[in-house]
Amino acid sequence: MTVNLDQLRRCHVAVDLGAARTRVFVKGAGLVVDEPSVAAVNTRTGALIAVGQFAERMTGRTPPYIRVVRPVSGGTVVDIDMAQRMLRGLIGEKLRRNLRRKPRLRAAACTPHEADPLAQRAAVETLVGLGARRVELVDTLIAAAVGCRLPVELPEATMIMVCGAATTQVAVLSLGSIVTAERIPVGGEAIDHAIVQHLRHHHELVLPSQSVRPLQLALSGNGLTPYGPQTTEIHGRDVATGLARSVYVDTAAVRDAIHTPLTAVLDGIGKVLRDCPPDLVADLADRGIMMVGGSALLPGLDQMLRDATGMPVTIAERPDVSAILGLGAMLEGQVQPLVLNPLAG
Ligand SMILES: Nc1ncnc2c1ncn2[C@@H]1O[C@H](COP(=O)(O)OP(=O)(O)OP(=O)(O)O)[C@@H](O)[C@H]1O
Ligand SMILES: [Mg+2]
């Protein structure tokens, strides 16, 4: 996928439809939406009840006639109609009216690396349904690299790792394009799932989803205190009795539990490095890896990567919004024309 900066500069709005969060950037206004990709629907009437964080808060707390849906799965729009309704709800009436006033609305969207034609078409159709006459697609890896101001235009290697909710994408970039890349179907959701499964199997505890985060924080230590292994108190529900119960969880054991999904990510990084020309690998030894995406904030993940690869690892300044800000910078014309497409003339 090549990036056509001229066409991108003519776009009015940029959208990043992620498995976990939806972000919208409007030219001249900046990042206007950063909300969970969730919608709540009344199954009796078909009416949309809530979108974004309000809908997410309803998860697991709804009466039978309300269904909470996620129209984006694995980084791909799986329910185009629902994705359009969710986006309309998130953008809001005022902004929608503003966009409708544009005679030929142009939109840009980032798609996962090597998204298949069906996935690309789903992204395009979602935005066409919102009134876009033309939709430009940009590889998430390039958008994210621009968003965290990596010097992608130089004839030197830069390595980026986009840690999303459903996928992790790794690439080596040079001269404005992708040299080698891998998309691994493991992200923050798989890591959360591994933690939940560990507690269910080893402590017979059902963990509410909002309790995963404190446990992740405990993982950032080295797992040892002066008095022995580090433990954290976690509240949940007993699998058998259904009653509330709290347990002390050994954080080292949890760290082992999340190792399985992380192995797949490390394998992917290894493959990208193996496929990369030796000159570029030499550049990477001092440049290291730039981490972006919401899951880059997973405590201890950067250290784990440092230990596994022996390379410097940096977390971007605003890792969760790097991709949409990169797309936004291209819309605003802040990226030099010769940078991303040197042959475009
Ligand atoms: N502070 C944090 N600590 C740990 N994990 C976090 C933190 N903040 C967000 N996450 C995780 O990051 C993920 C969301 O990341 P992001 O917003 O990049 O996803 P996305 O773009 O919607 O997904 P994808 O790109 O895979 O479609 C979620 O799995 C969430 O649990
Ligand atoms: Mg994403």
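**Figure 1. Overall dimensions of the predicted model.** Along the principal axes, the C-alpha atoms fill a box of roughly 65 × 60 × 30 Å. The secondary structure comes to 14 helices and 20 strands, where helices (H or I, at least four residues) and strands (E, at least two) are DSSP runs numbered from the N terminus. Buried residues make up 44% of the 345 residues; a residue is buried if 20 or more other C-beta atoms, placed from the backbone, lie within 10 Å of its own, exposed if 12 or fewer do, and partly exposed in between. This is a predicted model, in which local features need pLDDT of at least 70 and side-chain atom pairs count only at pLDDT 80 or more, while totals for chains, interfaces and linings use all residues. Residues are numbered from 1 along each chain as its sequence is written, and chains are lettered from A and ligands numbered from 1 in the order in which they are written.

**Figure 2. The surroundings of ligand 1.** Ligand 1 is surrounded by 20 residues, of which Gly18, Ala20, Gly164, Gly188 and Gly294 are the closest; a residue is near a molecule if its C-beta atom, placed from the backbone, lies within 6 Å of it. Domain 1 (5–144 + 323–340) and domain 2 (155–316) both give residues to this shell, so ligand 1 lies between them, the domain bounds coming from an automatic or database domain assignment. Helix 7 (residues 188–203) gives the most to the shell, with three residues. By class, the shell has six nonpolar, 10 polar and four charged residues, where Ala, Val, Leu, Ile, Met, Phe, Trp, Tyr, Cys and Pro count as nonpolar, Asp, Glu, Lys and Arg as charged, and the others, Gly among them, as polar.

**Figure 3. Strand 19 and its two partners.** Strand 19 (residues 289–292) pairs in the parallel sense with strand 11 (residues 158–163) over four bridges and, also in the parallel sense, with strand 20 (residues 313–315) over three bridges; two strands pair if DSSP finds at least two bridges between them. Met291 is the bridge partner of Met161, and the bridge partner of Met291 in strand 20 is Ile315. From strand 19 the chain crosses through helix 12 (residues 301–309) to strand 20, in a β-α-β crossover that is right-handed, meaning that, with the strands pointing away from the viewer, the path from the first strand over the helix to the second runs clockwise. Ile289 and Met291 point one way from strand 19, Met290 and Val292 point the other way, and all are buried.

**Figure 4. Helix 13 and the residue that follows.** Nine of the 10 residues of helix 13 (residues 322–331) are buried, so the helix is largely enclosed by the rest of the structure. Among the buried residues are Ile324, Leu325, Met330 and Leu331. Just after helix 13, Gly333 takes a positive phi of about 75 degrees.

**Figure 5. Two loop residues with positive phi.** Glu114, in the loop between strand 9 (106–111) and helix 5 (117–128), has a phi near 55 degrees, a positive value in a residue other than glycine. Leu175, in the loop between strand 12 (168–174) and strand 13 (177–184), has a positive phi of about 50 degrees although it is not a glycine.
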